[in-house]
Amino acid sequence: MVQDKTGPPPTGGGTPHIPDPPTPDSGLPAAGTPIPAADTSAPDVDTPTSAAPGVDAPSPAVDTSAPVSDASAPAGRGVRESGRVLLARVAAAVAGGGLLFLAFPPIDWWLAAPLGVGLIVAALYGVRPRRAAWLGYLAAAVFLFPTLAWVRTIGDDVWVMLVGVESLFYAVMAALAALVFRLPLWPLWFGGLWVAMEWARGLFPIGGFPWARLAFSQGESLFTEYAALGGAPLVSFAVALCGALLAYAVLRRPAEARRVAGRLVPVAIALAVPLLTLAVPRPGDEGRSVNIGIVQGNVPGRGMDILGDEPAVVLKNHANETKKLAQAVRDGKLPKPDLVVLPENSTDIDPYRDAGARQIIDDSVKDVGVPTLVGAVVAIGDANRATRSLVWDPVTGPGAYYDKQDLVPFGEYTPFKEIVLALWDRAGLVGRQSVAGTKPGDLKLGPVTIGAVNCYEVAYDGTVRRTVQTGATPLVVQTNNATYAESNLPPQQLAMSKLRAVEHNRAVVTAATTGISAYVTPEGKVSWRTRELVADMNVVKVPVRTQATVATQVGALPEWALALMGVAAAGVAAWRVRGKATA
């Protein structure tokens, strides 16, 4: 907790706190004296009018990021924060961002997420929006640089630009939070602002980038079950609310610090937030299952050169591994599968146009003897392509398919193509431009209708939800992480699958070219997984669940409600400040 050195020393207990306004010598009332009406009109002094029942309203530090010159502020009452206080805020922002990173895979210290949020709140509390914005940007950069380190495979410049753009969303949220902190019950409104920020990140720019949301650090935690009620947005809200409540308990006046209830009530509520998930109802087993074969064929290259020099090597690797699975079944080492799943891009040759590729796939599918989901990049006309999940029957060959809807900018297509190609040679590596699909991925495959989700799409709430709403079960995630092998991307993506399993009461089967291939139970537990950069295969028995969760039924309503709540609170706070400034 930071202490404004312009004010008097704390009295009693030595507990860290936000101090009272400075003494009369600095032009403000002494600690414990009523603040005149003219003083409360100053937009740089936060004085919440009320608080949660049983909790005294916190008294924020005086923010003096710039001298007070507003018409509503009495002359001579602007007080600058000392350098030590500002340094403490910077340290809290940096530490908060670092803790958020530790909450994400592969480290997976999920409890660090609410603690990190709490420190970020402490850094922002009591400052003006302008200062809050750059402190929020700093915290975001500290968080996102290591969390998105997998982007460095493409290039350090891309990594820096991505983090720079994404951090802007946190800066805007922090500026609005500085206003919201002036309202009673501000931890609630802050949690709503966090949801609004993540919603915006998932839409803008260029289709959005919903990775590194708070919810995706909670693949297996006490917060996870909230996904079954309100999806990933409700999980993010719960984590942000918990962290804000912890900060609320610490940001106390000296007199309030001596009141036990002043700290214990918000702490008790903060602890109750994750514990309440124990009461969330969960659908049970329905007594039906399916055997699914999972194939991970591996690739010869690394980084941006994953295919190596040998033509069709990725296709041959996956076809050979499929045949190994078939032989293991005949030898009695594995149970007979009802269907087999291969990864995204399991064929690097278009089977519609290349007779040799078609024959290799057909031979391997006939050998295993069951319908197989093949991942292929297929040509669409002469200039475009599609990333396709293709059902291949051992008798009739290729049939129904699902085309990926959420495409990776600069990976599968080039936004602002003419400008980008002129500036960056690497943009030419995209080649044919991908065309997005328009229909959800419900595909009849053997005895079930699976829900096909393709790689990057697992991060998008709406795409996964629309697939489940067709009645598809289980979910099948085909992915190609070869470019990012042994980075922190594969475990981050697996954490998303864990959350989706709980969110929609569906088992999730992931097939990856280089790993991590896995089977996640509807309870969000990883039952089987592969190592990275090895060829592997297995047959797993997967429960078939059809009951819908509350989250599946209500869709995006919780996200809209929470985001609107946060933005509306910021609007009310801004209106109050403007009203006082013109009074």
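Predicted model: local features only at pLDDT ≥ 70, side-chain atom pairs only at ≥ 80, totals over all residues.
Trainee: Let's start with one residue. Where is Leu-115 found?

Mentor: Leu-115 sits in helix 3, which covers residues 112–124.

Trainee: Is Leu-115 buried, exposed or partly exposed?

Mentor: Read the relative accessibility against the cut-offs. Buried means under 20%, exposed means over 50%, and partly exposed lies in between. Leu-115 has 42% relative accessibility, so it counts as partly exposed.

Trainee: Which residues is Leu-115 in contact with, leaving aside neighbours within four places in sequence?

Mentor: Leu-115 is in contact with Leu-99 and Leu-246. Leu-115 and Val-239 are 124 residues apart in sequence. Their C-alpha atoms are 9.1 Å apart in space.

Trainee: Now charges. How many salt bridges does the structure hold?

Mentor: The structure holds 18 salt bridges. Take Lys-366 and Asp-362: their side chains meet in one, at 2.5 Å from N to O. The cut-off is 4 Å between a side-chain nitrogen of Lys or Arg and a carboxyl oxygen of Asp or Glu.

Trainee: What about Lys-404 and Glu-412: how far apart are their closest N and O atoms?

Mentor: They are 3.1 Å apart, and the two residues form a salt bridge. Lys-404 is buried, and Glu-412 is buried too.

Trainee: Which helix holds both Glu-503 and Arg-500?

Mentor: Helix 14, residues 489–504. Glu-503 and Arg-500 are three residues apart in it, about one turn of the helix. Their side chains meet in a salt bridge, 2.7 Å from N to O. Glu-503 and Arg-500 are both buried.

Trainee: On to rings. How many aromatic pairs does the count come to?

Mentor: The count comes to 15 aromatic pairs. Planes under 30 degrees apart count as stacked, over 60 as edge-to-face, and the rest as tilted. Phe-104 and Phe-143 have ring centres 5.4 Å apart and planes at 45 degrees, so this pair is tilted.

Trainee: Which parts of the chain does that pair link?

Mentor: Distant ones. Phe-104 is in the loop between helix 2 (83–103) and helix 3, while Phe-143 is in helix 4 (residues 129–147). The two are 39 residues apart. Both Phe-104 and Phe-143 are buried.

Trainee: How do the planes of Tyr-456 and Tyr-460 sit, and how far apart are the centres?

Mentor: The pair is edge-to-face, with 65 degrees between the planes and 5.5 Å centre to centre. Tyr-456 is buried, because its relative accessible area is 7%. Tyr-460 is buried as well, at 11%.

Trainee: Which residues form the aromatic cluster?

Mentor: Among them are Phe-104, Phe-143, Tyr-125, Trp-186, Trp-194 and Tyr-248.

Trainee: One last feature. Which ring face does Arg-388 lie over?

Mentor: Arg-388 lies over the face of Tyr-401, at 3.6 Å from the ring centre.

Definitions and conventions
Residues numbered from 1 in each chain as written. Heavy atoms only, no water. Helix = DSSP H or I, 4+ residues; strand = E, 2+ residues; numbered from the N terminus. Buried < 20%, exposed > 50% of the residue type's maximum accessible area, 1.4 Å probe, protein only. Contact = heavy atoms within 4.5 Å. Phe/Tyr/Trp six-rings, centres within 6.5 Å; stacked < 30°, edge-to-face > 60°. Lys NZ or Arg CZ within 6 Å of the ring centre and 35° of its normal.
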